[in-house]
Amino acid sequence: MDRQYEHIFTGDSDHHGFLSHHSDQRFDSLDQEGVEGRNRKDTRIPGHQGIRMVAMEPLLIGVDVGGTNIRMGVVTPDGHIPKKIEYPMDMSRGGLAMMEGLVSRLQDFIQQETGRDRSEIRIGIGIAGSIDMKRGLLVTSPNLPDLHGFPLQAYLQERISYPIIIENDANAFTLGEGWKGAAKGSRHYCGITLGTGVGGGIVVEGEILHGSEGMGGEVGHMVLNPKGPLCGCGGRGCLEVYASGSGIRRRALEANKKGKGKKILKKGRGDIKKVTSEEVFEAAKEGDRTALKIFNEMGRYLGLGLVNLIHLFNPEKIVIGGKVSKAWDYFIGSTTEVVHQRTMKGQREKVQIVQTECGDDAGILGAAYVALKLE
Ligand SMILES: [Zn+2]
């Protein structure tokens, strides 16, 4: 992580102090290095060479392209979201049409919400899938199967004139929680999103782990059972097949075949295939024993996943978000039990397993944070 951002992860609560500190430090370091960068040039007063102004704060747009909805927000450099919108992701005409729609919405949003006097706008986009950060490619995406290998960065940059950076959506979630949420102040932590799939991000020494091609941190595809159910990645028995919304639905279907889960079946008005993971959660709240068992088991597999993360990365915190995490009280008991049983002494005492604090805003915040880091 760039030095000027380190203090974001050290629990600095004085946001306004942070901004002025941030600006000063950035330009001091440019001066020291003698870099004639874009920002330095912009901040000179014409006719007064050598006088430094306080840099214009970038206005950030964070975009979270999820599995079903797209959220975008104006984000201030101190992490507030004065404006945001959310709309359903329309995949009826394929991935490219969805992208065209995203560009058009983004252009409208920028025009309407940011005014005309903003000299510096930066856009961060978090999107589900494997992102080749070096080449700006969407290598694979579970929600955009017809856009595998799509040059997303170049496509967007040709249509929108402001600097754009793309990032994996779970990495964005993780960074959002580190910036403004449950992992604020932590320099070693992991984020996990339990949604339709399972995503993850790993922060080591205050920096997100990207790996050699930018595709690291695929927490959802760690193998827990080599003979387990097929996963969307082509493997078997990944954390995702057990701890995702799809995994919960699959377990509900399996239980139904054995004649179990009466209250779950009722949610689908007699058709088990129509039951969502949220409805399995509702059934658990109503005391359905099968639904309770499904969440208990899901929690145990999640616990195994956390044990692996803890042993590998020795995190201070693991932040869990995503729609399935709303069922927290129904799975976290078995998760922590597995963690305590199986984690090596010395690591388990330290790690805190916590729920998201930013909720649905974490993706917007993290995407904006990545744009803020863009130099
Ligand atoms: Zn997998």
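The structure is a predicted model, in which local features need pLDDT of at least 70 and side-chain atom pairs count only at pLDDT 80 or more, while totals for chains, interfaces and linings use all residues. Residues are numbered from 1 along each chain as its sequence is written.

**View 1. Overall content and confidence of the model.** The protein has 12 helices and 14 strands; helices (H or I, at least four residues) and strands (E, at least two) are DSSP runs, numbered from the N terminus. Of its 375 residues, 41% count as buried. A residue is buried if 20 or more other C-beta atoms lie within 10 Å of its own, exposed if 12 or fewer, and partly exposed in between, with C-beta atoms placed from the backbone. The mean pLDDT, the predictor's confidence in each residue from 0 to 100, is 85, and 84% of the residues reach 70 or more. Over residues 1-54 pLDDT stays under 50, and the model has 46 contacts beyond four places in sequence for this segment. Where pLDDT is low, the predicted coordinates should not be read in detail.

View 2. An open sheet with mixed pairing is formed by five strands in the order 5-4-3-6-9; two strands pair if DSSP finds at least two bridges between them. Strand 5 (83-88) and strand 9 stand at the edges with a single partner strand each, so one side of each has no neighbour in the sheet. On average, neighbouring strands are turned by 15 degrees against each other, direction ignored. Strand 4 (residues 69-75) pairs with strand 5 in the antiparallel sense over six bridges, and Arg71 has Glu86 of strand 5 as its bridge partner.

**View 3. Strand 6 and its surroundings.** Six of the seven residues of strand 6 (residues 121-127) are buried, so this strand is largely enclosed by the rest of the structure. Strand 3 (residues 59-65) runs parallel to strand 6 and is joined to it by seven bridges; Leu60 has Arg122 of strand 6 as its bridge partner. Strand 9 (residues 164-168) is likewise parallel to strand 6, with five bridges, and Ile123 is partnered by Ile164 of strand 9. Helix 5 (residues 169-180) lies across strand 3, strand 6 and strand 9, running at about 95 degrees to strand 9.

**View 4. Packing of helix 10 against helix 11.** Helix 10 (residues 289-313) and helix 11 (residues 328-342) pack at an angle of about 40 degrees, with their axes 7 Å apart. Axes are lines fitted to C-alpha atoms, for helices over the stretch in contact, and angles run from 0 to 180 degrees between N-to-C directions. Among the contact residues are Leu292, Phe295 and Arg300 of helix 10 and Tyr330, Phe331 and Glu337 of helix 11. The residues of this contact comprise 13 nonpolar, six polar and three charged; Ala, Val, Leu, Ile, Met, Phe, Trp, Tyr, Cys and Pro count as nonpolar, Asp, Glu, Lys and Arg as charged, and the others, Gly among them, as polar.

**View 5. Loop residues with positive phi.** Arg269, in the loop between helix 8 (262-267) and helix 9 (277-285), has a positive phi near 50 degrees. Arg269 counts as exposed, with 8 C-beta neighbours inside 10 Å. Asn314, in the loop between helix 10 and strand 13 (317-321), has a positive phi of about 45 degrees although it is not a glycine. With 14 C-beta neighbours inside 10 Å, Asn314 counts as partly exposed.

Methods
Two residues are in contact if their C-beta atoms, placed from the backbone, lie within 7 Å.
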